[in-house]
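Student: Hello! Could we go through a protein model together, one question at a time?
Tutor: Gladly. Here it is.

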Amino acid sequence: MSFFISEAFAEGAAQAPAVQSPIPTFIMLGGMIVIFYFLLWRPQSKRQKEHQNLISSLNKGDEIITNGGILGKITKVSDDFITVEIADNVSVNIQKISVSAVLPKGTIKAI
């Protein structure tokens, strides 16, 4: 009656899997960490240091632009806030960290 039912034969004993060395895994992990460092951590910390130096060097009379796009001249500097004159007799208080760039002198008059 083997015509309808195929015969089942036992396979040979399974061979033990070969033990792989963990060194390639560690090399790949180390490579990913190095790539992550050079593409993300290092540039971000460099930008953060530059922005911190920019904020600490703000002085009265500097012309600045904020993250929100407000252009003005610094009239007063305190620890965390600066007063910026954005038009004649119009001043606003903003946080120092919101300053995105210090512009060259005379930029406001040129605009």
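Student: Which residue in the turn of the hairpin formed by E1 and E2 has a positive phi?
Tutor: Keep in mind that this is a predicted model. E1 and E2 form a hairpin, with four residues between them. In that turn, a positive phi of about 95° belongs to Gly 69.

Student: In which sense do E1 and E2 pair?
Tutor: Look at the two strands side by side. E2 covers residues 71-77, and three bridges connect it with E1. The sense of the pairing is antiparallel.

Student: How many bridges join E2 to E3?
Tutor: E3 spans residues 81-87 and runs antiparallel to E2. These strands form a hairpin with three residues between them. Across the pair, Lys 76 stands opposite Thr 83 in E3. The number of bridges joining E2 to E3 is four.

Student: Is Asp 62 buried or exposed?
Tutor: First find Asp 62 in the loop between helix H1 (23-56) and strand E1 (63-66). Its relative accessibility is 12%, and the cut-off for buried is under 20%. Asp 62 therefore counts as buried.

Student: With which side chain does the side chain of Asp 62 make a polar contact?
Tutor: Leaving aside neighbours within four places in sequence, Asp 62 is in contact with several residues, including Gly 72, Lys 73, Ile 74 and Val 102. The polar contact between side chains is at 3.4 Å, and the partner is Lys 105.

Student: Now the aromatic rings. Why is the pair of Tyr 37 and Phe 38 called edge-to-face?
Tutor: A search of the whole structure finds three aromatic pairs. In the pair of Tyr 37 and Phe 38, the ring centres are 5.1 Å apart. Planes over 60 degrees apart count as edge-to-face. This pair is edge-to-face because its planes are at 75°.

Student: What is the angle between the ring planes of Tyr 37 and Trp 41?
Tutor: Tyr 37 and Trp 41 are four residues apart in helix H1, so about one helical turn separates them. Their ring centres are 6.5 Å apart, and the pair is edge-to-face, with the planes at 65°.

Technical notes: Residues are numbered from 1 along each chain as its sequence is written. This is a predicted model: local features need pLDDT of at least 70, side-chain atom pairs count only at pLDDT 80 or more; totals for chains, interfaces and linings use all residues. Side-chain values use heavy atoms; hydrogens and water are left out. Buried means under 20% relative accessible area, exposed over 50%, partly exposed in between (1.4 Å probe, protein chains only). A polar contact is a pair of N or O atoms within 3.5 Å; within protein, one must be able to donate a hydrogen and the other to accept it, and residues adjacent in sequence count only if both atoms are side-chain atoms. Contact means heavy atoms within 4.5 Å. Rings of Phe, Tyr and Trp (its six-membered ring) pair if their centres lie within 6.5 Å; planes under 30 degrees apart count as stacked, over 60 as edge-to-face and the rest as tilted. Two strands pair if DSSP finds at least two bridges between them.
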